[in-house]
Amino acid sequence: MAATTLQGKRIAFLAADGVEEVEYVQPREAVEQAGATVELVSLKPGTIQSFNHLDQSKTYDVDVSVADADAGGFDALVLPGGVANPDFLRADPDAVRFVRAFFDAGKPVAVICHGPWTLIEADVVRGRRVTSWPSLRTDLTNAGATWVDEQVVTDGNLVSSRKPDDLPAFCARIVEEFAEGPHSSR
């Protein structure tokens, strides 16, 4: 099998304070190693504070604020988890619009752990098979998704995963899906 390449692809990582560090760092490394250019999009310029579970970890420089970001300029989107991160994102209208724009264009989107909270707010999970951290099961079901307890789930342009333990499979799948490019819109 030929090596999957993301050469020439521009990937947005949408994250805010409270992002689970490993869910940001490992997928970013995976797509960069496959040749993609990555930009960290967040709620405001400056830095974001990552966490290792409930302990503060490193900070990461924001490349562009979501209010100034154009989803049309990106080939794919990754939404890392962490408990606080997606809660901040789902409360921000610009972040919600940014996420919805990827779905409207049929571009690949990857989400892990608590990240689907932002997808629920963007109203893009209805009728889809999705996985997440187990505590989001009711939220996703109430939003019209079919929640499944699987390591990685692909439904059209959406790749979802449950938790940090699933990162090897999640990272491999997102590189594969991002290489394929846009899917037809639902």
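Trainee: Why is Asp123 called partly exposed?

Mentor: Asp123 has a relative accessible area of 47%. The cut-offs are under 20% for buried and over 50% for exposed. The value of 47% lies in between, so Asp123 is partly exposed. Please bear in mind that this is a predicted model.

Trainee: Which word, buried or exposed, applies to Cys113?

Mentor: Cys113 has a relative accessible area of 6%. Buried means under 20%, so Cys113 is buried. Cys113 lies in the loop between S8 and helix H4 (116-121). Its phi is also positive, near 65°, in a residue other than glycine.

Trainee: What makes Thr118 a buried residue, and which residues does Thr118 touch?

Mentor: Thr118, a residue of helix H4, has a relative accessible area of 0%. That value is under 20%, so Thr118 is buried. Leaving aside residues up to four places away in sequence, Thr118 touches Pro86, Leu89, Arg90 and Val99.

Trainee: How do you know that the span of helix H6 agrees with its number of residues?

Mentor: Helix H6 covers residues 167-180, which is 14 residues. The expected span is 1.5 Å times one less than the number of residues, and for H6 this comes to 20 Å. The end C-alpha atoms of H6 are 20 Å apart, so the two values agree.

Trainee: Which residues of H6 are buried, and what covers them?

Mentor: Leu167, Phe170, Cys171, Ile174, Val175, Glu177 and Phe178 are buried in H6. Their cover includes S1, helix H1 (21-33), strand S7 (76-79), strand S8 (109-112), S11 and strand S12 (158-161). Just after H6, Gly181 has a positive phi of about 90°.

Trainee: What is the strand order of the open sheet of seven strands?

Mentor: The order is S6-S3-S1-S7-S8-S12-S11, and the pairing is mixed. Strand S6 (64-65) and strand S11 (152-155) each have a single partner strand, so one side of each is left without a neighbour in the sheet and they stand at the edges.

Trainee: How many bridges does S8 form with S7, and how many with S12?

Mentor: S7 and S8 run parallel and are joined by three bridges, with Ala110 in S8 as the bridge partner of Val78. S8 and S12 are also parallel, with four bridges, and Ser160 in S12 is the bridge partner of Val111. From S8, Val109 and Val111 point one way and Ala110 and Ile112 the other way, and all are buried.

Trainee: What makes the pairing of the sheet of three strands mixed?

Mentor: This open sheet has the order S2-S4-S5. Its edge strands, S2 (19-20) and S5 (55-61), each pair on one side only. S2 and strand S4 (residues 47-52) are parallel over two bridges, whereas S4 and S5 are antiparallel over five bridges. With both senses present, the pairing is mixed. Val19 stands opposite Ser50 in S4, and Ile48 has Tyr60 in S5 as its bridge partner. The hairpin of S4 and S5 has two residues between the strands, and His53 there takes a positive phi near 60°.

Trainee: What volume has the largest pocket, and which residues are the closest to its centre?

Mentor: The volume is about 240 Å³. Of the 13 lining residues, Glu20, His53, Gly82, Val83 and His114 are the closest to the centre. The lining divides into seven nonpolar, four polar and two charged residues. Glu20 also has a bridge partner, Phe51 in S4.

Conventions
Residues are numbered from 1 along each chain as its sequence is written. This is a predicted model: local features need pLDDT of at least 70, side-chain atom pairs count only at pLDDT 80 or more; totals for chains, interfaces and linings use all residues. Side-chain values use heavy atoms; hydrogens and water are left out. Two strands pair if DSSP finds at least two bridges between them. On a 1 Å grid over the protein atoms alone, a cavity is a set of points where a 1.4 Å probe fits but cannot get out, and a pocket is an open set with protein on both sides within 12 Å along at least five of seven lines; lining residues have an atom within 4 Å of a point. Grid points are joined across faces, edges and corners, and a volume is the space filled by probe spheres set on the points. Ala, Val, Leu, Ile, Met, Phe, Trp, Tyr, Cys and Pro count as nonpolar, Asp, Glu, Lys and Arg as charged, and the others, Gly among them, as polar. Buried means under 20% relative accessible area, exposed over 50%, partly exposed in between (1.4 Å probe, protein chains only). Contact means heavy atoms within 4.5 Å.
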